[in-house]
Amino acid sequence: MEPVIDQACAAALYTDDDAGLDTGASLLAADPAADEELHRRGEEFVRRAWARGWQPADVVRIVRRELDETGAGLAAALITAETAGYAQLPPRWAGQLAELPSPAPRNRPDRFTYASALLELYRLLLRLPAVEPVGPPPGTAADGRHRPPVHGEPRMLTRIRALLAKAEATGFPEEAEALTTKAQELMARHSIDEALLAARTHSAETPGACRIGIDAPYESAKAVLLDSVASANRCRAVWNSDLGFTTVVGFEPDLEAVELLFTSLLVQGTAAMTKAEAGQRAGGRRRTKTFRQSFLMAYAQRLGSRLAADTARVTAEAGSGARTGEAEGRGAADGLLPVLAARDVAVTDTAERMFPRTTTARVRGITDAEGWAHGTDAADRARMGGGEPRIGR
């Protein structure tokens, strides 16, 4: 006779209706002896996701998006169990595992409900498409060309993180402006220092990639903001609107900067939008959705040009030899532009190999003039535009 676990999976995982889930869950609820094999199957489905290019944060994000928080907790439990068996995990995985939601307890609130939720999760995991890998899966050796993040943060990144945290917390726009501008300047200088160091040491490091979630609502505006931040920090960004993330391609120090700055600017922009919206509501208007969409798009586009200008200014200062107190002095500055140009070419080539076919998204729904004006003002205060996000196909 066919094992209960096989009967349950056959009934539930390869159909789209609830009847199959109910049948599979009933079989499993009546047979506690199948529990261990049920969880072992789940770990295998997670392992298949790694082979298709997914990472822990990606899996939890898509589960939360397609199912619910309970499903995310179940996925977290499977991921924790599956990754515990590896002697070494790929770069970035430790941070992702530390941020997993609390694992859902087994067999709560009852065996049938629990089994049904697990089978629904397995159905989703089995149908995950292959995505462009942004690092090796666990259990395989890295090729050595990408520098993994070191244990702990470099002092410069710690300073940048502290500046952005203060910018998010302050209630004074002028202070937030100064703090965020200083953070972008430090990021640009950190990128330049890393590029010169790699050139002097003839480093074999090549561009890497990371994925950053783009959550609802107003995904297109958020994707434009991330594209703006990536471009200003010598990276390329490609948005996958169907799966809810953007892949950012660049050298490791620049990827770290993009993640930090995008998160901070999104927090600052949301706070500014909420405050502006409250003022609009006090005046009697009700078009909340169009106001928010227009606000965030204006905020994103305005910031792009300001970020790019800040980066260009810092690069020009370094290229003219203004920072002569550094290790190589003017000699290093004289060779800066060719070094940066070579890194830009490497990033572009890597992005085009990863995404040979992209298209440009046309942003719609920007119809609220007041929202656009308020978003532009907020971007000016943040001291940080960009064009349309590139979408992978």
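Start by selecting Phe-45: at 6% relative accessibility it counts as buried (under 20% relative accessible area; exposed is over 50%, partly exposed in between, with a 1.4 Å probe and protein chains only). This is a predicted model, in which local features need pLDDT of at least 70, side-chain atom pairs count only at pLDDT 80 or more, and totals for chains, interfaces and linings use all residues. Residues are numbered from 1 along each chain as its sequence is written, and side-chain values use heavy atoms, leaving out hydrogens and water.

The whole structure holds five aromatic pairs (Phe, Tyr or Trp rings, for Trp the six-membered one, with centres within 6.5 Å; planes under 30 degrees apart are stacked, over 60 edge-to-face, the rest tilted). Phe-45 and Tyr-122 form an edge-to-face pair, 5.2 Å centre to centre with 70° between the planes. Phe-45 lies in helix 3 (residues 35-51) and Tyr-122 in helix 7 (residues 111-126), so the pair ties together parts 77 residues apart in sequence. Helices are DSSP runs (H or I, at least four residues), numbered from the N terminus.

Next, select Phe-291, Phe-295 and Tyr-299, which ring pairs link into a cluster.

Then show helix 8 (residues 155-169) and helix 9, whose axes come within 8 Å and cross at roughly 160°. Axes are lines fitted to C-alpha atoms over the stretch in contact, and angles run from 0 to 180 degrees between N-to-C directions. Helix 8 and helix 9 are therefore roughly antiparallel (over 145 degrees; under 35 is roughly parallel, 65 to 115 roughly perpendicular, the rest oblique).

Notes
Helices (H or I, at least four residues) and strands (E, at least two) are DSSP runs, numbered from the N terminus.
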